[in-house]
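Let's take a walk through this structure together. Have a look at the model first, and then we will follow its charged pairs and one of its helices.

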Amino acid sequence: MSGEEKMRLDKWLWAARFYKTRKLAAEAVAGGKVHLNGQRSKPGKEVREGSRLHISKNGLEWDIEVLVLPKQRRPASEAAGFWSESDDSRKRREEQLALLRAARAAAPVHTEGRPSKKDRRLIHRFKQQ
């Protein structure tokens with residue numbers, strides 16, 4: 001593809017599989033979670049090959065360069081080739097992931113839903129004593 005081709009920012013984020021839907025991608029761009037070439041932009045802003053993006057999502061950050069403007073959304077294995085990430089960004093993201101995993105491991109386990117019959121019996125015995 002030539003350098004003159006362009007694509008909407010929200011469409012590229014969706015095609016590169018950073019977001020599940022174009023609407024989510026557009027909301028993230030409008031909310032300031034995605035910066036194009038160091039500046040906040042709108043979902044309809046045009047992305048070209050070589051554009052730099054800073055993406056903040058779920059406590060993680062990516063600094064990437066756009067390599068390919070796909071014609072359509074492709075599988076995740078192919079979509080990973082649409083962009084390249086800087087080494088510092090990758091290291092910083094891995095550190096953030098390690099911190100999030102440690103926090104998740106330290107958090108108490110909370111089961112959802114109603115207690116089982118066995119749990120209810122234990123609760124009743126505890127309350128009667």
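A search of the whole structure turns up 9 salt bridges, each being a side-chain nitrogen of Lys or Arg within 4 Å of a carboxyl oxygen of Asp or Glu. The model is a predicted one, where local features need pLDDT of at least 70, side-chain atom pairs count only at pLDDT 80 or more, and totals for chains, interfaces and linings use all residues. Residues are numbered from 1 along each chain as its sequence is written, and side-chain values use heavy atoms, leaving out hydrogens and water.

Start with Arg92 and Asp63, whose side chains meet in a salt bridge at 2.6 Å, N to O. This pair links distant parts of the chain, with Arg92 in helix 4 and Asp63 in strand 6, 29 residues apart. Helices (H or I, at least four residues) and strands (E, at least two) are DSSP runs, numbered from the N terminus.

Next comes Arg93, which forms a salt bridge with Glu85, their closest N and O atoms being 2.6 Å apart. Arg93 counts as buried because its relative accessibility is 15%; buried means under 20% relative accessible area, exposed over 50%, and partly exposed in between (1.4 Å probe, protein chains only). Glu85, at 10%, is buried too.

Now turn to helix 4 itself. Its buried residues are Ser89, Arg93 and Gln96. They cover an arc of only 60° around the axis, so they sit on the same side of helix 4; the arc is that of the directions from the helix axis to the C-beta atoms. On the other side of helix 4, the exposed residues include Asp88, Lys91 and Glu95.
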